[in-house]
Amino acid sequence: MMAFENDGDLAAHLADQAGKILLQVRASGVFGGKSLGKAGDQTANQFLVHALREQRPEDGLLSEEEKDNAERLAKERVWIVDPVDGTREYGEERADWAVHVGMAVGGKPALGAVALPGLDAVMRSDQPGTIPPAPDVLRMVVSRTRPAREATEVAQRIGAELVGMGSAGAKAMAVLRGEVDIYLHSGGQYEWDSCAPVAVALGWGLHCSRIDGSPLIYNQQDVYMPDLLICRKEHAERVLTEVAALG
């Protein structure tokens, strides 16, 4: 058995391996439609949950695909995972889906790894890279199926181009990859949708907050999170001001 003393190495390894498992499930050719998403979710979840309980038995754990355990609320360190972020995109063999392995410490998004299996990439909070410079016309990433009103209106106000994309993790990582500049979401998510991406974005020096500018807090009893903003620090004040102006 491999023992991972470093949390960052463990998060990255698990996200990467879960992504490879998901690709194998899809390539098996025995699932289709909703059954593929269900099989992928359950298989990747079992791997992640059992691996974390083996490697970090004293930590708390919250997974989208696992029955919640209130014991996590008393834990300082809590792993928050999403085995398949973007089940629809995964099933459609698109690249804009992700695997999230994050950790909250004292409610703060302290560490994370986001795997983008369709792009053969894993992005880590503890190994930041260089984000390409922003273009003259900013790009705001939104849901490819349900763009939020606040995002589309703010984009219009600041003259930003809208870019449709799938999962939350893919959207957040697109900012790091220099494909877009602003991720503004107001349609509601859950802790597992953003913990790992936010941790990675913070590690790379980006601004991350609620759309009213308040901090994102994790390992709450109610895991619903109404909104978030991930962007370059130099754009944060302008975006937050425009959101506030919308009322």
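Strand 3 (residues 98-105) and strand 4 are paired antiparallel through seven bridges. Here strands (E, at least two residues) and helices (H or I, at least four residues) are DSSP runs, numbered from the N terminus, and two strands pair if DSSP finds at least two bridges between them. The model is a predicted one, in which local features need pLDDT of at least 70 and side-chain atom pairs count only at pLDDT 80 or more, while totals for chains, interfaces and linings use all residues. Residues are numbered from 1 along each chain as its sequence is written, and side-chain values use heavy atoms, with hydrogens and water left out.

Within this pairing, V101 has A113 of strand 4 as its bridge partner. A113 also has a bridge partner in strand 5, namely R124. Strand 4 (residues 108-116) and strand 5 (residues 121-124) run antiparallel and are joined by four bridges. The two form a hairpin with four residues between them, and D120 in the turn has a positive phi of about 55°.

These strands belong to an open sheet of five strands, with the order 1-2-3-4-5 and mixed pairing. Strand 1 and strand 5 are its edge strands, each pairing on one side only. On average, neighbouring strands in this sheet are turned by 15° against each other, direction ignored. Axes are lines fitted to C-alpha atoms, for helices over the stretch in contact, and angles run from 0 to 180 degrees between N-to-C directions. Helix 2 lies across strand 1, strand 2 and strand 3, and runs at about 160° to strand 2.

Strand 6 and strand 7 run parallel and are joined by five bridges. In strand 7, G164 stands opposite V142.

Contact here means heavy atoms within 4.5 Å.

On the helix 4 side the contact is made by E150, E153, V154, R157 and I158, and on the helix 7 side by R238, V239, E242, V243, A245 and L246. The contact residues divide into six nonpolar, no polar and five charged. In this count Ala, Val, Leu, Ile, Met, Phe, Trp, Tyr, Cys and Pro are nonpolar, Asp, Glu, Lys and Arg are charged, and the others, Gly among them, are polar.

The spaces in the model come last. On a 1 Å grid over the protein atoms alone, a cavity is a set of points where a 1.4 Å probe fits but cannot get out, and a pocket is an open set with protein on both sides within 12 Å along at least five of seven lines; lining residues have an atom within 4 Å of a point. Grid points are joined across faces, edges and corners, and a volume is the space filled by probe spheres set on the points.

The largest pocket holds about 640 Å³ of space. It is lined by 29 residues, and D85, R146, G166, S167 and D193 are the closest to its centre. Its lining divides into eight nonpolar, ten polar and eleven charged residues. The second largest pocket has a volume of about 250 Å³. Of its 17 lining residues, R53, D59, G60, L61 and N69 lie nearest its centre. Strand 1 gives the most to this lining, with four residues.

The structure holds one cavity of 30 Å³ or more. About 50 Å³ of space lies in this largest cavity. Its lining residues include V142, R146 and H185. Strand 8 supplies the largest share of the lining, three residues. The lining divides into six nonpolar, two polar and two charged residues.
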